[in-house]
Amino acid sequence: NFNFLMLRILSFLITLFSPLSIYSQELNTKVIINTEKLQSSESLIFEEMQNSIEQFLNNKIWTEDKFESEERINCNFIINILNEPSSNIYEATVQIVSSRPIFNSSYESILFNHGDREWVFEYLPSQNIEFTENGFNDNLTSLISFYAFIIIGTDYDSFEKLGGDESFQKAWKILNESQNSGYKGWDQFGSKQNRYWICENFINPEFRPVREAIYNYHLSGLDSFYSNPEESRDIILNNLIEINKVNTKNFNSSILNLFINAKSDEITNIFKEAPLSVKRNAYNVLMELSPSNSDLFNKILE
C-alpha cells in the first residue's frame, strides 16, 4: 500500500538525516532444529545450535535501513538434521519461509517458501557465528547469511519495484565466495532450483518482469484486496499473465517455482470466490504456470 511504503521511506529519511542514526534489526526469525532422523543425539548441542543461529539472524543488522519492531520480517528456518557423518559435521535439509503483512488486515502473505536439500555444515560447541563480507566464512554462516539477504530482497521487492537489488547482489557475493568451498548447492552445475539459480534469477534482467509483476501483485493487488476485491483480482490476474509470459520462455525456472511455492494456496483462495469468467481465466493461466498443481487449482472451478 502507498501509505505503508511512504511510512517506510519517511522512516528511512528521518534516520538518514539524524545525527545519531540508530538502526534496528530487519529479521524476526524462529529457528527449529529437528533431530528425529538421528539415531542418537546430544540435545544440548542442538539447543545451542538453534539459539546461536536464531540470535545471529535476529541480532545482525543486514542493511542500512531503519526498521520499527513491527516492520521486522517474519521468517522461519526449519532445519532437519539427517546425519552426522563425522564429528561436528552435519548433513541436513532446511525449509525456509518468510512472509509480509497485508495492508488493512491481519493476514500474512508468504513471500518465500523454499526447501534446500543440500545443507552440509560444521558446527562446534559454543561456536560464535560471525559474518564478514569479504571472503568465505564457513558454510553454516554462508548458508544462513545468503538466505537472510534473499529474504530481505524478496520483502523489499514486494514494497518497491526492484527494491531488492542491493540485497540480491549481496547474496550473489556470498555465493561467489562460497563456490570454491567444496560444498554443494553453490554452483550452476547442480539442481536448477539450488542457491546458484535462485540468486541468478533474481539478478538476471530477463526475469525483471517477474519481479515487477510480484511487486504489482502485492502492492496494487493484495494490499487493496480487503477494500476492493474485484479490482484486486483483476490486477492479480493481469500480473499472473505477465509472469506466465516469462514462464513460456523459461519454464521451470527457479524464480517461477519460488513464486508458485509461496503463492499457490493463496491464489487458489483468491479466485475461488471470483465470477465464473474470472475463475476460468485464472485457472487457464495457472495451469500453464504450474501443471503439477492441477489438483489444487481445480478447486478454483468447484
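**Close-up views of a predicted model**

**View 1. Helix α7 covers residues 229-249.** With 21 residues, α7 reaches 31 Å from its first C-alpha to its last, close to the 30 Å expected at 1.5 Å a residue (1.5 Å times one less than the number of residues). Helices here are DSSP runs of H or I with at least four residues, and strands are runs of E with at least two, numbered from the N terminus. This is a predicted model, in which local features need pLDDT of at least 70 and side-chain atom pairs count only at pLDDT 80 or more, while totals for chains, interfaces and linings use all residues. Residues are numbered from 1 along each chain as its sequence is written, and side-chain values use heavy atoms, without hydrogens and water.

**View 2. Four strands form an open sheet.** Their order is β1-β2-β3-β4, with mixed pairing. β1 (27-34) and β4 (108-122) are at the edges with a single partner strand each, so one side of each has no neighbour in the sheet.

**View 3. β2 and β3 run antiparallel.** Ten bridges join β2 (residues 73-86) to β3 (residues 89-101); strands pair if DSSP finds at least two bridges between them. Look for I79, whose bridge partner in β3 is V94.

**View 4. Residues 1-7 have pLDDT under 50.** pLDDT is the predictor's confidence in each residue, from 0 to 100. The protein chain averages 91, and 92% of the residues score at least 70.

Note on methods:
Contact means heavy atoms within 4.5 Å.
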